[in-house]
Each structure stands twice: as C-alpha cells, then as structure tokens.
Amino acid sequence: MVDFSAQYRLIGARIAYFRKLKRYTQEELAFRASISTSYLSRIERGIYSKGVPISTLMQISKALDIDIKLLFEEKFREK
C-alpha cells in the first residue's frame with residue numbers, strides 16, 4: 001500500500017493557505033463546505049488516515065471559490 005501522508009499534508013497546507021487568504025476561520029470554512037470543524041482541522045493538518053474523498057475536496061474548493069486543481073499542483077506558487 002502506498003503512503004500518501006506527505007501529499008495529504010501538502011493538500012491540507014494549501015487549504016489552510018487559501019482559507020487564510022479569504023480570512024475565513026476554520027469554523028466558517030467548515031460551515032461553507034458542509035463539514036465539521038474538527039474534520040477540516042484534521043484535513044488541514046494532513047492527519048486524516050483514511051484519506052479525504054474527492055467530493056470533500058470539491059466542497060472545500062467550492063467554499064473557497066478556487067479551482068480544485070490548485071490543491072494538487074506540483075509547483076504551487078503563492079500569489
């Protein structure tokens with residue numbers, strides 16, 4: 001089985017980055033994405049051991065008003 005923990009941490013860090021750009025709290029983003037605050041916190045820290053469903057990442061990216069591909073870009077550049 002492949003270990004994706006480093007990728008989960010990167011995706012979580014990108015979510016936190018865009019959340020902070022929007023000046024959203026975790027509570028506000030979680031509400032907008034229809035997920036719990038504790039779940040979002042685990043995602044941002046990259047510690048969700050079962051992986052994050054693409055549907056959840058789609059909800060988060062929609063709530064952040066960003067293209068989901070920004071969460072996966074290899075060469076992520078802060079704007």
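This note sets out numbered points on the helix packing, core, voids and backbone of a predicted model.

1. **Packing of α1 on α3.** Two packed helices are described by the angle between their axes and the distance between the axes. For helix α1 (residues 5-21) and helix α3 (residues 37-45), the angle is about 115° and the axes are 6 Å apart. On the α1 side, the contact is made by Y8, R9, G12, A13, I15, A16 and R19. L40, I43, E44 and R45 make the contact on the α3 side. Sorted by class, the contact comprises six nonpolar, one polar and four charged residues.

2. **Spacing along a helix.** An α-helix has 3.6 residues a turn, so residues three or four places apart point the same way. This may be kept in mind when reading the contact list of α1, which includes Y8, G12, I15, A16 and R19.

3. **The nonpolar core.** The largest nonpolar core has 20 residues. Those that touch the most other members are I15, L29, I35, L40, I43, I60 and L64. Helices α1, α2 (26-33), α3 and α4 (54-64) each supply at least two residues of this core.

4. **The buried residues of α3.** Helix α3 has Y39, L40, S41, I43 and E44 as its buried residues. They pack against α1, α2 and α4. Helix α3 is followed by G46, which has a positive phi near 70°.

5. **L40.** Which residues does L40 contact, leaving aside its neighbours within four places in sequence? They are I15, Q26, L29, A30, I35 and I60. L40 lies in helix α3 and counts as buried because its relative accessibility is 0%, where the cut-off for a buried residue is under 20%. From C-alpha to C-alpha, L40 and L57 are 10 Å apart in space, with a separation of 17 residues in sequence.

6. **I35.** Residues up to four places away in sequence are not counted here, and on that basis I35 touches A30, L40, I43, T56, Q59 and I60. I35 is also among the core residues that touch the most other members.

7. **S61.** Helix α4 contains S61. At a relative accessibility of 5%, S61 counts as buried. Apart from residues up to four places away in sequence, S61 touches I66, I68 and L71.

8. **The largest pocket.** The volume of the largest pocket is about 230 Å³. Its lining consists of F4, Q7, Y8, L10, I11, R14, V52, L57, L71, F72, E73 and E74. Helix α1 gives the most to this lining, with five residues. By class, the lining of the largest pocket has eight nonpolar, one polar and three charged residues.

9. **The cavity.** How many cavities of 30 Å³ or more does a search of the whole structure find? The search finds one. The largest cavity has a volume of about 50 Å³. Y8, I11, G12, R42, I43, G46, I47, Y48, V52 and L57 form its lining. The lining of the largest cavity divides into seven nonpolar, two polar and one charged residue.

10. **Positive phi at R23.** R23 is not a glycine, although its phi is positive, at about 60°. R23 is found in the loop between α1 and α2. Its relative accessible area is 77%, and R23 is therefore exposed.

11. **Positive phi at D65.** D65, a residue other than glycine, likewise has a positive phi, near 60°. D65 is placed in the segment after α4. Because its relative accessibility is 61%, D65 counts as exposed.

Methods:
Residues are numbered from 1 along each chain as its sequence is written. This is a predicted model: local features need pLDDT of at least 70, side-chain atom pairs count only at pLDDT 80 or more; totals for chains, interfaces and linings use all residues. Side-chain values use heavy atoms; hydrogens and water are left out. Axes are lines fitted to C-alpha atoms, for helices over the stretch in contact, and angles run from 0 to 180 degrees between N-to-C directions. Helices (H or I, at least four residues) and strands (E, at least two) are DSSP runs, numbered from the N terminus. Contact means heavy atoms within 4.5 Å. Ala, Val, Leu, Ile, Met, Phe, Trp, Tyr, Cys and Pro count as nonpolar, Asp, Glu, Lys and Arg as charged, and the others, Gly among them, as polar. A nonpolar core is a set of buried Ala, Val, Leu, Ile, Met, Phe, Trp, Tyr and Cys residues joined through side-chain atoms within 4.5 Å. Buried means under 20% relative accessible area, exposed over 50%, partly exposed in between (1.4 Å probe, protein chains only). On a 1 Å grid over the protein atoms alone, a cavity is a set of points where a 1.4 Å probe fits but cannot get out, and a pocket is an open set with protein on both sides within 12 Å along at least five of seven lines; lining residues have an atom within 4 Å of a point. Grid points are joined across faces, edges and corners, and a volume is the space filled by probe spheres set on the points.
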